[in-house]
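Dear colleague,

Here is the structure I promised to pass on. My notes on it follow below the entry.

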Amino acid sequence: MIRDLISEAERFLGEQNIPAPRLEADVLLAHALQTDRIELYKNPDRKIGGAESEVFHMLLEQRTSGVPTAYLRGKKEFFSRMFQVGPGVLIPRAETEFIVEEGLRQLGASPPHILDIGTGSGAILITLLLERCDATGLGTDKSPAALDFAVKNSELLGVKNRIRCAKGNFFEPVEKDEKFDLIVSNPPYIPSDKIPEELRFEPKEAFDGGPDGLRDYREIIAGAFKFLKPNGHLVLEIGIDNRPGLDQILSAYPQYEKPIYKKDLAGIDRVIILKKR
Ligand code: SAH
């Protein structure tokens, strides 16, 4: 029965030190039964077939060996919408919703054109396009696997006709004379020797920011002002401890006004906002 299976799985996941074992048990069972969590609670006495049970136990095995739940389900919620994800693309993080909110705040009244560098699943750019129905955008990524997810998500979420997804390094795919009102990026920013073990299932190029974690900020800050319209904004997600290094990099770029840093709910500097002079 569903009820027993959930209790058993909760215990198993807890013993294996998986955080929030009850929630994970629910989510994985719902996935195995191709239903949602509410249905599990509506039918706690439903019997489980042999094949279903086998799928569920396989999912539990994989989860305890460290595979992220989002990869097992093939999807992750971001800004209350479902994005398809899988090996080869970074799973969008809750804290990244912050850059979307700050990005939206910088947009003026006229239809904005937006660039997202390292778009991954497309989470940031697609959400911006859905929140601003008059916007168009370009999402770039150097990883073809990641771009495939961005394209698929843009189709599923209905913004395909307002987005261009293109493979390339940083600004490479930008067309001659193409200018943006807003450039956003959540670049790799973890110092190479500080990448935590639990990220091992996700692509390294999504978070390895070089020896000091600032490598990609240097490139983006050096390049962005050339592609921004006058008074356009560059909004970047930043990591813990990045701020002093960023201030130093910015001292060489009078093309931007004084940076504004925004803290997240945990009081950590999360986003830097730069306005082109
Ligand atoms: N924007 C997504 C993904 C961020 S992870 C999100 O916030 O969830 C960073 C992404 O940048 C990865 O998809 C990685 O492939 C891409 N990337 C890393 N270096 C890059 C470069 N030099 N040029 C373009 N994309 C790059």
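A polar backbone atom of Phe 170 lies 2.9 Å from a nitrogen atom of the ligand. The protein covers 97% of the 560 Å² of accessible area that the ligand has on its own. Please keep in mind that this is a predicted model.

Two further pairs involve ligand nitrogen. Asn 169 places a polar side-chain atom 2.7 Å from a nitrogen atom of the ligand. For Gly 118, a backbone N or O atom is 2.9 Å from a ligand nitrogen.

The ligand is surrounded by 18 residues, and the closest are Gly 118, Asp 141, Asn 169, Phe 170 and Asn 186. Sorted by class, this shell consists of eight polar, six nonpolar and four charged residues.

Asp 141, one of the closest residues to the ligand, belongs to strand S4, which covers residues 136-141. Asp 141 counts as buried because its relative accessible area is 11%, and the cut-off for buried is under 20%. The C-alpha atom of Asp 141 is 5.7 Å from that of Gly 168, although 27 residues separate the two along the chain.

The other aspartate I looked at is Asp 116, in strand S3 (residues 113-117). Asp 116 is buried but has no salt bridge. Its nearest side chain of opposite charge is Arg 81, at 13 Å. What does the side chain of Asp 116 make a polar contact with? The partner is the side chain of Thr 119, at 2.8 Å.

Regards

Conventions:
Residues are numbered from 1 along each chain as its sequence is written. This is a predicted model: local features need pLDDT of at least 70, side-chain atom pairs count only at pLDDT 80 or more; totals for chains, interfaces and linings use all residues. Side-chain values use heavy atoms; hydrogens and water are left out. A residue is near a molecule or strand if one of its heavy atoms lies within 4 Å of it. A polar contact is a pair of N or O atoms within 3.5 Å; within protein, one must be able to donate a hydrogen and the other to accept it, and residues adjacent in sequence count only if both atoms are side-chain atoms. Accessible areas come from the Shrake-Rupley method with a 1.4 Å probe; for residues, only the protein chains shown count as cover. Ala, Val, Leu, Ile, Met, Phe, Trp, Tyr, Cys and Pro count as nonpolar, Asp, Glu, Lys and Arg as charged, and the others, Gly among them, as polar. Helices (H or I, at least four residues) and strands (E, at least two) are DSSP runs, numbered from the N terminus. Buried means under 20% relative accessible area, exposed over 50%, partly exposed in between (1.4 Å probe, protein chains only). Lys and Arg count as positive and Asp and Glu as negative; His and the chain ends are not counted. A salt bridge is a side-chain nitrogen of Lys or Arg within 4 Å of a carboxyl oxygen of Asp or Glu.
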